[in-house]
Every structure is written in structure tokens, then in C-alpha cells.
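Here is a short briefing for a first look at this structure. Keep the sequence and the 3D view open while you read.

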Amino acid sequence: MARVRSPNYPSLSLPSAIDAARKIYDKEHTHKADPEVMAKALGYSGMNGASATALSALKKYGLLLDEGKQLKISADALTILVDPKDSVERAKLIVKAAFSPQLFSDLNEQYGETVPSDENMRAYLLKRAFSPSTVDAPIRTYRETMELVSEVKKLYDQAAQEVQDNLLASEQQRESTRNPSGGAPSKQYQSNVNPSMRQDVFSIEEGAVTIEWPAALSVESLKDIEDWLTIVKRKISRSVQKPEANGKPEAEE
């Protein structure tokens, strides 16, 4: 009888994969190299089952990239390795790497950021055709990966909250200028930060422009957003004012 193989998953947890990427970076920096060279940088004698599995895990997280028949450290991996630990960009890329493996993305979609019990995940994975003899390995790997995600998301959430606080303070200052007699300030920037969302704020002379989007997007959703932004740009252009001949501004048609 043919042996039943479990679905693919990274054999290393993300913390272990980052440690492995650091060993490669220390030896080869960002240069391309043959898989055998990369395997030796990890401490293996060469390419074998164990080293191939380890390199495959790094590729699943997006830490290693294929360059023809060679491999190299990815730009995301470089940022994770060299940025300070309090870097928000580093935190975002760690979260991105954590859910790059398809299985981990599916588990996150199924359970969210709160990791369930091992028994719960075991039942889910067995229904996904994992063999009973190997099902505990991906559970352990995913749990260790999510511990790192939880740790770095605290940094990201703190930074996002600081952005919200700064926006609120700016709005309160503008409200105070518009309403010197007092009264409740505007609360348009007091919405809670959703950790499953990403946000970018662009400051202009007239105020702040804020956009939010889900942390995980499909290719189709990205295309829909691009089309929508084209429409938004057209609508915004109607608010742009141009000077009349007498010097008074008029709205764009």
C-alpha cells in the first residue's frame, strides 16, 4: 500500500526559520548561492532530506527566494534580520511571513489570533488529510509561530494606537481653534484599532488623509481596491478649488 503523505507545511516554526535565515545571512549576506552552499551555512554537510526540508521551510515563509537554480535571502528577511526589534516595519513583515505558508493562513482564517487547543487543531488537521502520526508536528510549529506573532503585534498595535492618539490630539486642537468657547471635541478619530486591519495616514496642509484595509487580501480584492481608488480620485478632484479671475476660489467641476 502506498504511504499516505500529509499536506505540506513548514517543518520549522517562524522563530526557528528566522534563526536559520540569520545563519545564512552571516555566511552569504544577500548573495545568491547554490542550495548546497545554503545547506552548509545551516550546519548540514550538504543537500539531504533534512537540509532540503529546512530550506523549504524558509522558502514557505518567504525568507528565501529562488533565483534560477540558486537561492538568496529575500528583502523581507533582510529587514527582519537587520531592523531593531522595536521596528514596526519588522513587526509587520514577521506577521506577513507567519501567514505566508498556506496551512498557517488557513489556520488563522479558521481560528483567528486566539490559538485553540491542540485537540481542536488536531481534529481540523485530520480532516485536512494529515496523518495521525505526523499531525502533532504542524500543531507545535504553528503554536510557536503564533507566539511570535502575538509578541510583535503588541508593538504594531502600540504604534497604531499612538497614530490614533496623535490624530485625536490634532483634531482636538483644531476643534478648540474652531470652537474657543469649549464643547465636546470631534470624535471622528476615536475608533478602536482593529489588529486585523492595516492603516496609513498621510498629512497634508488641510488635514490628515487616512486609509484602512484588511491585513490579508486576495489578488482579486486588490484589483477591486485599485479600481475603487480610481473612482475615489475622481470624486476627490471635484473638491479641488481653483482661483477665479477675480481671485476667489471656485470648486472644480
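Helix H1 has a buried side made up of Leu14, Ala17, Ile18, Ala20, Ala21, Ile24 and Tyr25. Down the axis of H1, these buried residues fall within an arc of 160°, so they line one face of the helix. The model is a predicted one.

**Helix H1 and what follows**

- The face of H1 turned away from the buried side carries the exposed residues Asp26 and Lys27.
- The length of H1 agrees with expectation, because 15 residues at 1.5 Å a residue should span 21 Å and the end C-alpha atoms are 20 Å apart.
- Histidine 29 follows H1 and has a positive phi, near 55°.
- Histidine 29 sits in the loop between H1 and helix H2, which covers residues 35-41.
- With a relative accessible area of 38%, histidine 29 is partly exposed.

- Most residues other than glycine have a negative phi.
- Histidine 29 is not a glycine, yet its phi is positive, at about 55°.
- Alanine 129 is also not a glycine, and its phi is a positive value near 80°.
- Where is alanine 129 found? It is in the loop between helix H7 (118-127) and H8.
- Alanine 129 counts as partly exposed, with 47% relative accessibility.

**Helix H4 and its cover**

- Helix H4 runs over residues 75-82, and its buried residues are Ala77, Ile80 and Leu81.
- Seen down the axis of H4, these buried residues fall within an arc of 95°, so they line one face of the helix.
- What covers the buried residues of H4? The cover includes helix H1 (14-28), strand E2 (70-73) and helix H5 (88-98).

**The largest pocket**

- The volume of the largest pocket is about 770 Å³.
- The pocket is lined by 22 residues, and those closest to its centre are Arg198, Pro214, Ala215, Ala216 and Leu217.
- Four elements each supply at least two residues of the lining: H5, helix H6 (102-111), strand E3 (197-204) and strand E4 (207-214).
- Which element gives the largest share of the lining? That share comes from H5, with five residues.
- By type, the lining of the largest pocket divides into nine nonpolar, six polar and seven charged residues.

**Alanine 97, in H5**

- Alanine 97 has its place in helix H5.
- Is alanine 97 buried or exposed? It counts as buried, because its relative accessibility is 3% and the cut-off for buried is under 20%.
- Leaving out residues up to four places away in sequence, alanine 97 touches Leu14 and Tyr61.
- Leu14 is also among the buried residues of H1.
- Alanine 97 and valine 149 are 52 residues apart in sequence, and their C-alpha atoms are 9.6 Å apart in space.

**Lysine 154, in H8**

- Lysine 154 lies in helix H8, which spans residues 136-178.
- Lysine 154 counts as exposed, because its relative accessibility is 59% and the cut-off for exposed is over 50%.
- From lysine 154 to alanine 91 there are 63 residues in sequence, but 9.0 Å in space, C-alpha to C-alpha.

**Serine 51, in H3**

- Serine 51 belongs to helix H3, residues 49-60.
- Serine 51 is buried, with a relative accessible area of 0%.
- Which residues are in contact with serine 51, apart from its neighbours within four places in sequence? They are Ala39, Tyr44 and Gly46.

**The chain overall**

- The chain holds nine helices and six strands.
- Of its 253 residues, 30% are buried.
- Among contacts in the chain with a separation of 6 or more, 53% are between residues 24 or more positions apart.

Terms used:
Residues numbered from 1 in each chain as written. Predicted model: local features only at pLDDT ≥ 70, side-chain atom pairs only at ≥ 80, totals over all residues. Heavy atoms only, no water. Buried < 20%, exposed > 50% of the residue type's maximum accessible area, 1.4 Å probe, protein only. Arc of directions from axis to C-beta. Contact = heavy atoms within 4.5 Å. 1 Å grid on protein atoms, 1.4 Å probe; cavity = no way out; pocket = protein on both sides within 12 Å on 5 of 7 lines; lining within 4 Å. Points joined across faces, edges and corners; volume = space filled by probe spheres on them. Nonpolar A, V, L, I, M, F, W, Y, C, P; charged D, E, K, R; others polar. Expected span 1.5 Å × (residues − 1).
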